Amino acid sequence: MGFKSFGIPGAVAITAAAFAFSVAAFGAAGDPGDQPYAPFKIGEGLYYVGSSDYTSYLIVTKAGLIVIDGGDAATGHQVVGNIRTLGFDPAKVKILLNTHQHYDHAAGLAEIKQVSGARLYASAADGAIIAAGGRGDPFLKGERFEYAPVKPDVTLKDGQTVTLGGWTLTAHVTGGHTKGCTTWTFPVTVAGKVRQALVHCSSSVLPGYKLVGAETYPGMTADYEKSFATWKALPCDVFLASHGQFFNMQTKRKLLDAGKADAFVDPAGCKAFYTASEAAFRAELKKQGG
Ligand SMILES: [Zn+2]
């Protein structure tokens, strides 16, 4: 769950409402995050295959396909269709990766796994919750946050790389939003130049998260602190994330369609996002007396 507006200046006021709507709408038609969205090419071998806000990325290698995130259950079904629309065979997905275990990024993994038999790679903490279909999250409790479980095939450590067909992706365990939240980095050619792509997990502090005293999970605040230091040091030319709203996906897509081939190359936007997101975290920490 991303609480789309978190960390985006000017949009913070609507966050609580967006949260309520998102929770109320879970499992029902009309969730603004999982409306179908036409897939498109971001760079050489890199495609957007997610929904209107719950993102999913396809990497096409000479040895098969990689998918990062499955969205919610509705998105997962769309991801499979979007891969076909782009002319690729979803049965050839070999590796499934994930940013975090919340339903809006992990519920769709089951269908992609089912059509492909792909191996799921996940961090220890988030992988355990995906294996339990969302049960065991310290904050999002209840049936509406649960989903079809997928048992990870490989447990990822911080800094571990995943390779397939000439591609190498690096997992950065950036806890806080969830304990095993994973940010991905990898090189990709966009508009004729090799750039560093970053798929941000989430740095949102959900309304109700406890950062001080009895933290939502023990060590949460220290994890956020460590993660902000990590994020600010990572290369980020092609800024991507678990929610489209984190990196203005729909606006950039329009620019891309209008002929701006490097619309998703946005190191300044990445930096500004982390500055705003860290300020939101620090303001909340202060509010809670930390
Ligand atoms: Zn989340």
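Helices (H or I, at least four residues) and strands (E, at least two) are DSSP runs, numbered from the N terminus. The model described here is predicted, so local features need pLDDT of at least 70 and side-chain atom pairs count only at pLDDT 80 or more, while totals for chains, interfaces and linings use all residues. Residues are numbered from 1 along each chain as its sequence is written.

Strand E1 (residues 40–43) and strand E2 (residues 46–48) pair in the antiparallel sense over 3 bridges; two strands pair if DSSP finds at least two bridges between them. Lys41 has Tyr47 in E2 as its bridge partner. The hairpin has 2 residues between its strands, and Gly45 there takes a positive phi near 80°.

Strands E4 and E5 are also joined, by 4 bridges, but they run parallel. Val67 stands opposite Leu96 in E5. Of the 5 residues of E5, 4 are buried, so this strand is largely enclosed by the rest of the structure. A residue is buried if 20 or more other C-beta atoms lie within 10 Å of its own, exposed if 12 or fewer, and partly exposed in between, with C-beta atoms placed from the backbone.

Leu240 touches Tyr57, Ala197, Leu198, Val199 and Phe247, not counting residues up to four places away in sequence. Here two residues are in contact if their C-beta atoms, placed from the backbone, lie within 7 Å.

The next topic is helix packing. Two packed helices are described by the angle between their axes and the distance between the axes. The axes of helix H2 (residues 73–85) and helix H4 (residues 109–116) come within 7 Å and cross at roughly 40°. That makes H2 oblique to H4. Axes are lines fitted to C-alpha atoms, for helices over the stretch in contact, and angles run from 0 to 180 degrees between N-to-C directions. Angles under 35 degrees count as roughly parallel, over 145 as roughly antiparallel, 65 to 115 as roughly perpendicular and the rest as oblique. On the H2 side the contact involves Gly76, His77, Val79 and Val80, which meet Leu109, Ala110, Glu111, Ile112 and Val115 in H4.

Within H4, the buried residues are Leu109, Glu111, Ile112, Lys113 and Ser116. They pack against strand E4 (64–68), H2, strand E5 (93–97), helix H3 (103–106), strand E6 (119–123) and helix H5 (124–131). Just after H4, Gly117 takes a positive phi of about 70°.

Asp153 lies in the loop between H5 and strand E7 (154–156). Asp153 has 14 C-beta neighbours inside 10 Å and so counts as partly exposed. Although Asp153 and Arg119 are 34 residues apart in sequence, they are 5.6 Å apart in space, C-alpha to C-alpha. Asp153 touches Arg119 and Leu120, not counting residues up to four places away in sequence.

E8 and strand E9 (residues 167–173) run antiparallel and are joined by 4 bridges. Val162 stands opposite Leu169 in E9.

Two loop residues complete the tour. Most residues other than glycine have a negative phi, and most peptide bonds are trans. Ala191, found in the loop between strand E10 (182–190) and strand E11 (193–200), has a positive phi, near 50°. Ala191 counts as partly exposed, with 13 C-beta neighbours inside 10 Å. Asn248 lies in the loop between E12 and helix H7 (249–257), and its phi is also positive, at about 55°. Asn248 is partly exposed, with 18 other C-beta atoms within 10 Å.
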